[in-house]
Amino acid sequence: MGSVIVGCDVGGTFTDLILHDPVNGLQFAKVPTTTANQAHGVLAALEKTGKNPNGIDLFIHGTTATTNALLERKLAKCALITTRGFRDVLELGRRTRPHPYGLIGTFIPVIPRDLRFEVTERMDATGAVVQPLSEAEVRAVAEEMLSRGAESVVVHFLHSYANPAHELRAAEIIRAIWPNEYVTAGHQIIGECREYERGVTAAVNGSVQPILDRYLNRLEAELKQRGLRRQLLVMQGNGGTASSSIVTRSAVHTVMSGPASGVIAAARTATAAGFPNVVTYDMGGTSTDVALIQEGVPLVSSELEIEYAMPIHVPMVDVHTVGAGGGSIAHVNEAGLLQIGPKSAGAIPGPICFGRGGTEPTITDANLVLGRLNPERLLGVERSTTMTAVAGAMREHVGDALGLTGEQAAAAIIRVANDKMAGAIRLVSLSRGHDPRDFVLLAFGGAGPLHAAALAKELGIPKVLIPARPGLTNALGCLVADLRHDFVRTINKPLSAVSEQELAAVLSAHVEEGRSILAKEDVQIEDVRVFHTADMQFQGQTHILNVAIPEGKFETQALHNAFEQAYWSRFRVALPEIKPVLANLHTAVIGKRKPFPVDALTSRTAARTVADAKRGTRRVWFEDGWFDTPIFDRDRLPLGSEFRGPAILEQLDATTVVDPGNRIEVDVLGNVIIHVAEGQ
Amino acid sequence: MAAIDPVTLAVIQNGLQQVCNEMDTAFVRAAFSPVIAEGLDRSDGIYHRTTGELIAQGELGLPIFVGTMQFSTRAVIDRARSIDPGDIFIVNDPYLGGTHLMDVKFVKPFFYKGRLFAWLANTGHWPDTGGMVPGGFSAKATEVEQEGLRLPPVKLYKKGEIDEEILSIILSNIRIADQRIGDIRAQAAALEIGERRLTSLLDRYGEDTVERAIDLLKRGAAQQMRAKIATIPDGDYRSVAIVDSDGVIDEPLEINLLIRKRGEGMEFDLSKSSPPCRGPMNSVIATTKSAIYLAIKHIFPEVPINAGTFEPLTIPVPEGTFLDARYPRPVSGCAAEVSQRIAEAVFLALADALPDRLFAAPAGTSGNLAIGGTDPQTGNSFVMYIVTGGGYGGSAEFDGISNGCSTIGIAKTPPIEILEQRFPVLFNEFAIAEGSAGAGRHRGGFGVRYAVVLRRGEARASFVMDHGRVGPPGVLGGGSGKPNRIEIRQSGKTYVPLHLSKDQDIQLRAGDVIHVQTPGGGGYGEPSERSPQLREMDDRFGYGLARSTHEEDDAAASALKAAE
């Protein structure tokens, strides 16, 4: 007897929901995102399925509430208490500017100066007390913060990762008078040294915590009223989920959960299809996200900076964003070179072909002119424009300067855009020493499947995988994600000087804490998996390399060897004369849920033959010119079928372009696998 | 040779850029020197096989190296007697296209199908290259030999093998030598990565096509730069920027700039600047030129960097001035400080002509402070470097950024928690220097105020900063930022160093405190035009009342007078 599971992801434009019922199969819903209160969209999507919430066993939710609040700076009023002399750390940052060239820019600290307070206290780097905590000052400051209308508070003291006593005591004093639960002690979010990074991470937590808490409370109340009996699970940036009651304590973990959830779905889909090593490629309207999956596991980093001077050092799926999306504008610069972006037409006015007033040619317009997109099936069009008008704009803005026709200009735009995206993929993933031929390119998002085959050819990647539902990948990520809790401890000692027993104790304390949190969550899990990693460096370095440690086995020699090997494969440098240092220990405790049957996505009405799935023919441009190209209904392609490109595969939320010579295979899970013909 | 379609051209441009970016990234991640690893004080590029001209350079490289490596590559080309695949030349001679001695360049011939196609080169700032003070920023040197080990171009790697004899000479002449082998391998490995990537680019598009693309890209960049220059009205533009002193003789040094802008070209005349100085504030010609290049790149950041970018800029050698240092003039202050004053002169000269693009003067000092000694607790000797930023100038759009990094750098400050872990010091504060920003419609950014205490043992402190005499000037009616200020508190007494921003070998004992306040940025536009909303925020955030333009100017004038 299975259970009824719902995955619901709120994206920038659409709220997507997948409901899996072991008896009745799958249901999908796609409704516009309700920006003011995302809960309305979620409820509308659920209503569309007609399912009574009291029959739902598990509801997993991906929300952009915290990400949006942060990026748009619509934050809760959060105050800071810090060590005397250091209240400006959050505003001064680390002596940077937004771009290497150009001295104009602006930076707004997460917590404004009038809400940042100092108290007398000081630890040194060994955790010894230099100056005891003035408890009276903490009380006075807490009153002052309340009187200034602060809703949440962050305690951030120097060297609290080495000795948290002062932070814990100050938090305790504040909690005694604070009217709500929104009190963050910095070291409890991350126990790592670096005062700016730890401070910003804690400040972000305090600033989004009330927003997340209010949102989830509202949504849960609405769902309970409709009969839901269980707590929500919420997607986190690390690609795992946590129960709503736990996730609000460390709300910063939900930042950037949208892209993470797409990558998790990709990992699960690709693993099920037999491809453990994957580059994910998610192209949307304004940007493209790229991530790397190795042996079925997405790379996770604790060193990401989500915008200028905004480092968030909690583990997040390492998603690299490039500013090229369907709406990126093409232009010719003063040197006569064709450039794509960084300007984007966004949603308003959008590409020319959306008829919302856009006049400058975008990547989407180029795809339309080249026959890759079906003018009749564009989503979100307001007033239809003629193909001649779009091609005319291509010629006027790009073609004339380069001596090209409108169609040639469109082809040039696609090539330069593909090149830019291929460069990003190379820089984030393949330049780390991996051979592209060992990877599969998994494309999703509205525009990913349009460009994937060409990119793969450019990169020398032999296979492209387009999942069954490329536009619902994030919701699928919610359905398949496990529970996950992360822990970190700074060590900062040469490997030769650490005690194996002591570190084993640190790791087992992590595991114990993780297990006890899992036990409190109201979710059925089949198994608990533990992953330990170590941040390693050679003595004197400041950068780190993350190396895996086998569970329950902390051996310094093994770690030493693993580090040297990882260093060699990354940099081709061996340094036998320098001591390795153990910087931090990380632990991820993962509660494995019962695996979601990915093949459930394929239950639909397939045609009997490939020919039956054909919708018609269109003139489409490829690298070697124009081809009369068959157009297929993606959803009707029979499982297990094989045929050759050129082809266009259309489905509700995505269009897949297959170049001439490429071989298409529909696997038993409903994925389309494109075998890319060799490049020049 | 067939013509290249514009698309292939754009693709090759991105490809060359990526080769350099990958070298930059690998170098930083593998480096030991915190100046490279955290400070990003390094750069990687591709250079022409016979002229040494810049073909492409990493976007994340240190800005001041934008123009210097082509000069040092040229020096290698001129002096190399034989070259083989796998050779790497090492050079840091300031007079051969260099900066200061700490910037060590590796230059490697790149062969494609057995033929020399180009040179790959990178620069990394080593934490020490010997000399009279740890870290190399001497404030008192009077000849280059006192500043450290000077390396003419020699092959450190011969056909892929490191020359152990040359290596041992180097390691015997520098401090904290044990970690340098890590930097050397990282620096060489970055060039190897470049080699692999450039080879695959050539395999893909063919030698002829890439060669021709390089030529077209150079012409394109020149054309783009000319178009930018054309937006500046024709005319003569003047400015003066002041270096506090040379560290030895307590007199200001003057950078006197006249820009002659005609049509699509600009000439930068520095011939009226001060004569060569005794102390280390001389600038070698490569650095002087590079400072102008980087200033222009700051004004027009969208123009890509290659040799063509600089073609429309004419810079006659300012012979007989401190901006054309010859052997054996000491030069340790040229890359970090004098270059920033040169860039400032360019900004100030063009502010009236390009009010929408320009900004008031930034803090413009690297804020180098080095404290070295032996920690009695561990018995280990140490050298701690701190670099701090200052305020940027206001602009038409925004107030200046606070604690922005130096004009010529992109180095981050090390975290205080890491400094306190590694060195026997404690910071009493790290704060916004209230009131340091120049007033204006858009005020400058704020400088930083910090205080560092020696906790135990004894140590020596040296520093090379600038803008201690006058603050960074405002433009279009904006006020100056507050100057840099250093105070040393020892056994109950406080004193200000004679040269304000430069000194060396100050003996410190446990409990002694060094107070530093870095400059605020200049203001942009009349302070009376500042919006009520911005004023309200200044008040609410307790940023300190900025004084009026006239008060600032009077203060600056009397400071200058006092110095004369």
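Guide: Helices (H or I, at least four residues) and strands (E, at least two) are DSSP runs, numbered from the N terminus. The model is predicted, with pLDDT of at least 70 needed for local features and 80 or more for side-chain atom pairs, while totals for chains, interfaces and linings use all residues. Residues count from 1 along each chain as its sequence is written, and chains are lettered from A and ligands numbered from 1 in the order in which they are written.

Visitor: New topic: what is phi of A:Arg73?

Guide: Phi of A:Arg73 is near 55 degrees, which is a positive value in a residue other than glycine. You can find A:Arg73 in the loop between α2 (65-71) and β5 (78-83) of chain A.

Visitor: Why does A:Arg73 count as exposed?

Guide: A:Arg73 counts as exposed because it has 10 C-beta neighbours inside 10 Å; the cut-offs are 12 or fewer for exposed and 20 or more for buried, with partly exposed in between, and C-beta atoms placed from the backbone.

Visitor: Then is A:His159 buried or exposed?

Guide: A:His159 counts as buried, because 25 C-beta neighbours lie inside 10 Å. Phi of A:His159 is positive too, near 60 degrees, and the residue belongs to the loop between β9 (152-156) and α5 (165-177) of chain A.

Visitor: How many residues does each chain put into the contact between chains A and B?

Guide: Chain B gives 69 residues and chain A gives 60 residues, counting residues whose C-beta atoms, placed from the backbone, lie within 7 Å.

Visitor: Which parts of chain B supply at least two residues there?

Guide: Among them are α1 (6-30), α5 (180-205), α6 (207-230) and the strand β14 (425-432) of chain B, each supplying at least two residues of the side that touches chain A. The most comes from α1(B), with 13 residues.

Key:
Two residues are in contact if their C-beta atoms, placed from the backbone, lie within 7 Å.
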